[in-house]
Amino acid sequence: MTALHASGLGKRYRQRWALSDCTLQIPEGRVVGLVGPNGAGKSTLLNLAVGLLAPDAGTITVLDGQPASGPDQLAKVGFVAQDTPVYAGLSVADHLRFGAHLNPGWDAAYAESRIERLGLDPGQRAGKLSGGQRAQLALTLALAKRPRLLILDEPVASLDPLARREFLQDLMEAVAEHEVSIILSSHLVNDLERVCDYLVVLAASRVQIAGDVDALIASHHRLIGPRRDPASLPSDQQVIQASHTDRQSTLIVQSRHPVLDPAWTVEQLNLEDLVLAYMSQASETARGRRPMLEVQR
Amino acid sequence: MLVIEFHLDARSGVAPYLQLIHQVRHALRLDMLREGEQLPTVKDVAAGLAINPNTVLKAYRELEYQGLAAARPGRGTFITGTLSGASVAAQEPLRRELRRWLGKARRSGMDEESIEALFLTTFRSATSEEEIA
């Protein structure tokens with residue numbers, strides 16, 4: 001079963017394509033990190049997935065259904081929008097009552113015990129909560145509806161480091177407990193490095209790479225050696241990034257096979273290096289069209 | 001009873017699931033973890049470290065594959081093997097010898113960094129010679 005399937009998906013605001021030619025197949029049961037610079041199209045993709053926006057090109061299905069196509073679809077998908085909005089004038093308890101009214105699968109016992117564990121006062125107005133508490137309230141509402149897929153748009157961006165950590169701890173606990181699939185976005189890969197096992201890099205309105213994190217790490221290498229023309233590399237090595245001095249070349253390549261050429265010192269990339277390589281490649285070639293890469297599991 | 005607690009070094013560059021495996025093996029070797037004892041639940045590790053539960057599962061599966069642990073459905077993962085064995089008895093005299101050596105190294109004017117570097121380079125070259133032999 002796929003959590004999200006997009007094919008040639010695009011969204012245009014007036015003349016500008018905020019998202020174009022997006023093709024993705026994300027399996028269920030994953031924690032998916034959607035990473036990219038601000039303005040890359042992350043929120044657009046997430047809003048398309050929950051049906052708050054309609055596509056201008058291509059198709060998207062979420063858990064095999066059309067986004068927001070009916071009560072069943074709405075019940076399957078939870079969404080926490082950017083900056084974890086809550087109703088400032090309503091109390092914490094009001095939010096839970098509201099949630100119970102609007103969601104057929106509402107788990108009231110879970111919501112109440114979570115609020116208690118977080119130490120939130122049910123009578124408190126949501127507008128008086130700290131940023132971290134507000135994010136936790138929004139997460140509680142989204143989890144208590146018992147979705148199969150939970151989508152979160154930059155959930156930790158505005159939180160301080162401690163609140164950020166607590167939020168991600170609770171999110172991972174929920175994944176372990178309820179086997180919910182997660183898609184969450186961030187412009188910082190560090191936020192997601194520990195939590196996600198599937199990565200989508202979005203830059204310049206396009207998917208730059210998508211795949212299982214371990215497979216991505218295993219198939220990318222940094223090669224350092226005497227200066228060499230990247231065109232002379234074996235055909236199974238695709239150059240993502242290259243920099244040269246008079247004597248030395250440093251390349252980031254994608255290759256399914258180990259690099260055995262003894263001229264190279266081969267280093268492993270971490271997730272951040274990998275994301276940055278694709279982002280800078282995207283900004284260099286933003287004008288030209290290039291094929292999308294997808295790493296298979 | 002919780003026997004060990006995991007921690008992660010984000011800067012080490014070692015994949016988190018490998019770090020978990022190393023920590024279990026390390027605890028086994030030092031006899032801090034024994035046969036029959038339970039590893040922390042996947043949920044507790046995921047929540048405690050804010051890491052993906054699949055990462056924890058992957059580490060536990062690998063430990064099962066190495067014959068060091070076994071999952072009991074509905075109860076958790078338990079230690080079934082050992083790495084210390086006869087070496088526990090040998091550890092104490094070796095530790096004493098190593099301490100004596102460290103004292104000698106310090107008295108000869110070496111600082112901690114040089115001692116560590118000397119140990120590691122010797123350790124590596126000895127290991128690679130053994131592999132070739």
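## A leucine in chain B

Let's start with B:L20, which sits in helix 1 (residues 16-29) of chain B. Helices here are DSSP runs of H or I with at least four residues, strands are E runs of at least two, and both are numbered from the N terminus. This is a predicted model, so local features need pLDDT of at least 70 and side-chain atom pairs count only at pLDDT 80 or more, while totals for chains, interfaces and linings use all residues. Residues are numbered from 1 along each chain as its sequence is written, with chains lettered from A and ligands numbered from 1 in the order in which they are written.

Is B:L20 buried or exposed? B:L20 is buried, because 25 other C-beta atoms lie within 10 Å; the cut-off for "buried" is 20 or more, "exposed" means 12 or fewer, and "partly exposed" is in between, with C-beta atoms placed from the backbone. Leaving out residues up to four places away in sequence, B:L20 touches B:F6, B:V56 and B:A59. A contact like that means two C-beta atoms, placed from the backbone, within 7 Å. As for B:Q38, 18 residues from B:L20 along the chain, the two C-alpha atoms are 14 Å apart.

## Domains

Chain B splits into domain 1 (16-79) and domain 2 (87-132), going by an automatic or database domain assignment. The C-alpha centres of these two domains of chain B are 30 Å apart.

Chain A has domain 1 (2-203) and domain 2 (218-292), with 34 Å between their C-alpha centres. Each side of that contact in chain A gives 8 residues. On the domain 1 side, helix 7 (189-192) and strand 8 (198-203) of chain A are the elements giving two or more residues.

## Where A meets B

Between the chains, 14 residues of chain A are in contact with 12 residues of chain B. Helix 6 (residues 161-178) of chain A brings the largest share of chain A's side, 8 residues. Sorted by class, that side has 7 nonpolar, 2 polar and 5 charged residues. Nonpolar covers Ala, Val, Leu, Ile, Met, Phe, Trp, Tyr, Cys and Pro, charged covers Asp, Glu, Lys and Arg, and the others, Gly among them, are polar.

## One face of helix 3 in chain A

Which residues of helix 3 (residues 92-102) of chain A are buried? They are A:V92, A:H95 and A:L96. Looking down the axis of helix 3 of chain A, these buried residues fall within an arc of 95°, so they line one face of the helix. That arc is taken over the directions from the helix axis to the C-beta atoms.

The buried residues of helix 3 of chain A pack against helix 4 (108-118) and helix 5 (131-144) of chain A.
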